Every structure is written in C-alpha cells, then in structure tokens.
Amino acid sequence: MTPDEKLKTAHFLDLAADFLGSGYKSQAKDYQFDENNVPQTPEKTADDTLEQIAAEIKVCRACALCEKRTNAAPGEGAQKPLVMVIGEGPGADEDAAGRPFVGRAGQLLDKMLASIGLSRNKNCFIANVVKCRPPGNRDPLPEETAACAPFLERQIKLLQPKFILCAGRIAARSLLKTEETLGKLRGKFLDLEAAGAAIPMLVTYHPSALLRNEEYKRPAWEDLKLLRARLEEAGLISGASKGEG
C-alpha cells in the first residue's frame, strides 16, 4: 500500500469510527467525499449555529493538520461582534487550550484591542484561517487553508461583523487571494467579499510579529487608531482610549 493509499484508508477509518460512535453521528452524516475518497469539510446546514460549526471543527479530518492536533481552536467571542479578528492559526498554547490567541501573542492582542475599546468578551470575535496547529508553527499550506475556508465563511455569515481586523500576512493573503506584501495591504480598508456582502477589512501586523520586532508597534498602533476612527464614524463606539498600544 502506498503512503497516499494509507492516508486515504486512515481518513475512511476515522470517519467510520465517528459514524459508529454514539457522539458524532449527526456530524459524520454531513461529510462529503471528493474524487479521491477524502472527506471534505461539510457545508452550511439550514440550522447553522456557532456551536454546530465548532462541533464539526473539533472532529474535522479534512486535511492533514488533524493528525497532530491536541485540540482544534474554532474561535470565540461575542455573538454579534463589531469586529471579527482573523489570524493565521493556533500555536502551541492554543492547541493545548482549544482556544484562539491565548499565548503571549494573544495576551498582546487583548491589550491592543482594549486600547481602542474592544474586547473578545464584549464586542469582538476571534478566529483563524486554519483551526488546527500547523506542526512547528509553520505557515499553513494552501490545501489546509482551503479545507478550513468553509468553516470561516460560515462563521462570518453567522456573525455578520461590521469590520474585520486581519492579523498578519498569511491571513491577509488567504482571505484576499493575493500575493501582495503586508506593507502594501495594511494602513487602509479593503472590501472583503464574504457572506454575500462587502465587509470593510483592515490588515495589520500579527501580534507575534510585534513581539519579535518592536519597530512594528508604531505602525500597528496607527492601524488600530484607523479602526477606532471608523468605528466612531459609524456610531458603533465612543469614548476613545488615549493609550499608545
């Protein structure tokens, strides 16, 4: 048996085990297979909820990232967010906790959001373009971001955020389907076509980049002020903070 055949067989056996088990029948029945008999991410259902999406993510085996994960990190935050923050993917802390942005970069992100009156607990939802940790924190592969894309699209459609804050080059390129540099994408609002609408999206540096290079802190703060100004203009938030990020 070739390595590829072994992978396909493993996918099939995992899916069969889920179906036969008592806990996952409802999720397993929605899976589809491509021409190579590999399970694909289930599409949106009529009664879609964030909880349903999270449940599907936790048992998803649509790409190889599932093989080494401890926990998937579906996303978390407000049910009707002003801002949806989208990053690259879980790291070691997120893989252990099953939550997005909980390590050092996540703690910095919380401070960045708080500096302009935002919070994952009150008016933001935080997610990533891939829901499982890439080994060694490498960049997600195109097939991995493609496998997770339907989950993110369903989350955006349900949440209907007023704005999207895109954290980092990988997330920006994945969402915008572009090879442009972060420097050319940040500092301005771009329209992200999602859920049948154009959502204003601001690209900025990933918090982990700020931890590695303090030179990025000033431009990142300028991006945050730009987002804050747009939120105020739209009458969505008031009483701007005066911190320096």
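The model is predicted, so local features are reported only at pLDDT of at least 70 and side-chain atom pairs only at pLDDT 80 or more, while totals for chains, interfaces and linings use all residues. Residues are numbered from 1 along each chain as its sequence is written, and side-chain values use heavy atoms, with hydrogens and water left out.

The chain has 10 helices and eight strands. Helices (H or I, at least four residues) and strands (E, at least two) are DSSP runs, numbered from the N terminus. Of the 245 residues in the chain, 47% are buried. Buried means under 20% relative accessible area, exposed means over 50%, and partly exposed lies in between (1.4 Å probe, protein chains only). A contact means heavy atoms within 4.5 Å. Among contacts between residues at least 6 apart in sequence, 67% join residues at least 24 apart.

The confidence of the prediction is given by pLDDT, the predictor's confidence in each residue, from 0 to 100. Its mean over the chain is 84, and 78% of the residues reach 70 or more. Over residues 3–33 the pLDDT is below 50, and this stretch has 40 contacts in the model beyond near neighbours in sequence. Residues 240–245 also have pLDDT under 50, with 12 contacts beyond four places in sequence. Where pLDDT is low, the predicted coordinates should not be read in detail.

Six strands form an open sheet with mixed pairing, in the order E3-E5-E4-E6-E8-E7. Its edge strands are E3 and E7 (189–194), each of which pairs on one side only. Two strands are counted as paired if DSSP finds at least two bridges between them. Strands of a sheet pair through backbone hydrogen bonds, either parallel or antiparallel.

Strand E5 (residues 124–128) is mostly covered, as five of its five residues are buried. Cys124, Ile126 and Asn128 point one way from E5, Phe125 and Ala127 point the other way, and all are buried. Strand E3 (residues 76–77) pairs with E5 in the antiparallel sense over two bridges. In this pairing, glycine 77 stands opposite phenylalanine 125, and glutamate 76 stands opposite isoleucine 126. Strand E4 (residues 83–87) pairs with E5 in the parallel sense over five bridges. Alanine 127 in E5 is the bridge partner of isoleucine 86.

Strand E6 (163–167) is largely enclosed by the rest of the structure, because five of its five residues are buried. Phe163, Leu165 and Ala167 point one way from E6, whereas Ile164 and Cys166 point the other way. E4 and E6 run parallel and are joined by four bridges, and valine 83 has phenylalanine 163 in E6 as its bridge partner. E6 also pairs with E8 in the parallel sense over four bridges. Here isoleucine 164 stands opposite methionine 201 in E8.

Two helices are described relative to these strands. Helix H10 (residues 217–233) lies across E4, E6, E7 and strand E8 (197–204), and runs at about 150 degrees to E8. Angles run from 0 to 180 degrees between N-to-C directions, and axes are lines fitted to C-alpha atoms, for helices over the stretch in contact. The sheet, with its six strands, is also packed on by helix H5 (residues 104–114), which touches E4, E5 and E6 and whose direction makes about 145 degrees with that of E5.

Cysteine 124 is buried, because its relative accessible area is 0%. Cysteine 166 also counts as buried, because its relative accessibility is 0%. A disulfide is a covalent bond between the sulfur atoms of two cysteines. With a disulfide taken as a pair of cysteine sulfur atoms within 2.5 Å, a search of the whole structure finds zero disulfides.

Glutamate 56 lies in helix H3 (residues 50–59) and counts as buried because its relative accessibility is 1%. A polar contact is a pair of N or O atoms within 3.5 Å; within protein, one must be able to donate a hydrogen and the other to accept it, and residues adjacent in sequence count only if both atoms are side-chain atoms. Such a contact, of 2.6 Å, joins the side chains of glutamate 56 and glutamine 52.

Lysine 177 is placed in the loop between helix H7 (169–176) and helix H8 (182–185). This lysine 177 counts as exposed, because its relative accessibility is 71%. The side chain of lysine 177 reaches the backbone oxygen of serine 174 at 3.1 Å.
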